Amino acid sequence: MYNIKTIGVLTSGGDAPGMNAAIRAVTRAAMYNNLQVKAIYRGYKGLFTGEIYPIDNETVSNIIHHGGTIIKTARCVEFRTPEGRKQAYDNLVKENIDGLVVIGGDGTFTGASVFGMEYNFPIVGIPGTIDNDLYGTDTTIGYDTALNTIIQAIDKIRDTASSHERLFLVEVMGRDAGFLALNGAIASGAEAAIIPEIKTEEDQLEAFIQHGFHKSKNSSIVVVSESEITGGAMGIANKLKEKGYTPHVTILGHIQRGGSPTANDRILASRMGVAAIEALLDEQRCIMIGIVNNEIVHVPFKKAIKNEKPVNKYLLDVLNFLS
Ligand code: F6P
């Protein structure tokens, strides 16, 4: 029996809309179960420096609709060393924290997995990343909001693209995953998507050209995943220029990480926050909370980190049929 009395909560890695809703859910579910809650500021950095403060139901009121994370986030190099993790562990002991909820992406869970094994410490993860690239969960907190931001931006680009009959390349985030690009393209009615999971970007480009983009006659929007594999929108633009096209490039950038979370992200974050506390009380450790077919599931960190989440390639066909 772990007999958890105080939990710590942190957000780490890139922020994602809905992280605040998750912090709120974790805090309130913990307090409902008579646990104390402490916020660890700036992710693993705060664990390392001891930036840890009690929070309660009131601290997390009026945050469900805000993007970002009220407890800040950071990427921490010290936590990658055994000495850094030892200091982090000492801080947890000092603060009487006996269970952790970490909200973030695969980097966050990699750190949690190593630390959890090293110190036999109960840790539960909540997937918060706009990239949606975590194995074992259909979706991650922030993905839906980012997707909506993308389609709002593309709708606006389409107005000017069609007025001027221009070709636009719109670069979206996702690190090395194409979920945002592919579904963003379908949802905005774009003509094509170039994603890292299809490693032959030349072919994707060629297929798009064959598919009916007539030089300077039609307007067209191609959504491109940021990634070294695709070369990003600038890389594709250079290739298109060599073929005689005059593409316009828009890189959406960090606008995709901000904004008020959608209803889907708020509900997902609320469900996952409650599930994380239930899992800790149920003596689960080193697992990520996921959602599969609308049911909460528990995924060992090792599985979530190691396995690649495949994109549904059929969605590329859907995009092609409809464009
Ligand atoms: O993982 C989320 C993400 O937004 C990726 O899509 C992107 O590649 C990366 O973070 C950018 O990170 P940073 O804000 O640290 O440059």
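Modeller: Within protein, a polar contact is a pair of N or O atoms within 3.5 Å, where one must be able to donate a hydrogen and the other to accept it. The model discussed here is predicted.

Colleague: Which side chain has a polar contact with the side chain of S227?
Modeller: S227 sits in the loop between β8 and α8 (232-242). The cut-off for a polar contact is 3.5 Å. At 3.1 Å, the side chain of S227 makes such a contact with that of D176.

Colleague: Which backbone nitrogen lies 2.9 Å from a polar atom of the S227 side chain?
Modeller: S227 has a relative accessible area of 12%. Buried means under 20%, so S227 is buried. The backbone nitrogen at 2.9 Å from its side chain belongs to I229.

Colleague: Is S220 buried or exposed?
Modeller: S220 belongs to strand β8 (residues 220-225). Its relative accessibility is 3%. The limit is 20%, so S220 counts as buried.

Colleague: How many Å apart in space are S220 and R166?
Modeller: In sequence, 54 residues separate S220 and R166. In space, C-alpha to C-alpha, the two are apart by 6.4 Å.

Colleague: Turn to the strands. How many of the six residues of β10 are buried?
Modeller: Strand β10 covers residues 287-292. The strand is mostly covered. Of its six residues, the number buried is five.

Colleague: In which sense do β5 and β10 pair, parallel or antiparallel?
Modeller: Strand β5 spans residues 123-127. V124 has I287 as its bridge partner in β10. Over two bridges, the pairing of β5 with β10 is parallel.

Colleague: Which residue in the turn between β10 and β11 has a positive phi?
Modeller: β10 and β11 form a hairpin. Two residues lie between the strands. The one with a positive phi, about 50 degrees, is N293.

Colleague: Where does N120 lie?
Modeller: Most residues other than glycine have a negative phi. N120 is not a glycine, yet its phi is positive, about 50 degrees. At 55% relative accessibility it counts as exposed, because the limit is 50%. Its place is the loop between α4 and β5.

Colleague: Now the rings. What is the angle between the planes of Y44 and F79?
Modeller: The structure holds eight aromatic pairs. Y44 and F79 form one of them, at 4.1 Å centre to centre. Planes under 30 degrees apart count as stacked, so this pair is stacked, at 0 degrees.

Colleague: How many residues apart are Y44 and F79?
Modeller: Y44 is in helix α2 (residues 44-49), and F79 in the loop between β3 (52-55) and α3 (82-94). Both are buried: Y44 at 6% relative accessible area and F79 at 5%. The pair links distant parts of the chain, with a separation in residues of 35.

Colleague: Is the pair of F115 and Y119 stacked or tilted?
Modeller: F115 and Y119 both lie in helix α4 (residues 106-119), four residues apart. F115 is buried, at 0% relative accessible area. Stacked planes must be under 30 degrees apart and edge-to-face ones over 60, so a pair at 40 degrees is tilted.

Colleague: Which ring lies under the charged end of K309?
Modeller: The limit for a charge over a ring is 6 Å from the ring centre. The charged end of K309 is 5.2 Å from the centre of the ring of F179.

Colleague: Which residue has an N or O side-chain atom 2.7 Å from an oxygen atom of the ligand?
Modeller: The residues around the ligand include R75, D131, R175 and H254. For R75, the distance to a ligand oxygen is 2.9 Å. For a polar side-chain atom of H254, it is 2.8 Å. The residue at 2.7 Å is D131.

Colleague: What part of the ligand's accessible area does the protein cover?
Modeller: On its own, the ligand has 400 Å² of accessible area.

Terms used
Residues are numbered from 1 along each chain as its sequence is written. This is a predicted model: local features need pLDDT of at least 70, side-chain atom pairs count only at pLDDT 80 or more; totals for chains, interfaces and linings use all residues. Side-chain values use heavy atoms; hydrogens and water are left out. Buried means under 20% relative accessible area, exposed over 50%, partly exposed in between (1.4 Å probe, protein chains only). Two strands pair if DSSP finds at least two bridges between them. Rings of Phe, Tyr and Trp (its six-membered ring) pair if their centres lie within 6.5 Å; planes under 30 degrees apart count as stacked, over 60 as edge-to-face and the rest as tilted. A charge sits over a ring if NZ of Lys or CZ of Arg is within 6 Å of the ring centre and within 35 degrees of the ring normal. A residue is near a molecule or strand if one of its heavy atoms lies within 4 Å of it. Accessible areas come from the Shrake-Rupley method with a 1.4 Å probe; for residues, only the protein chains shown count as cover.
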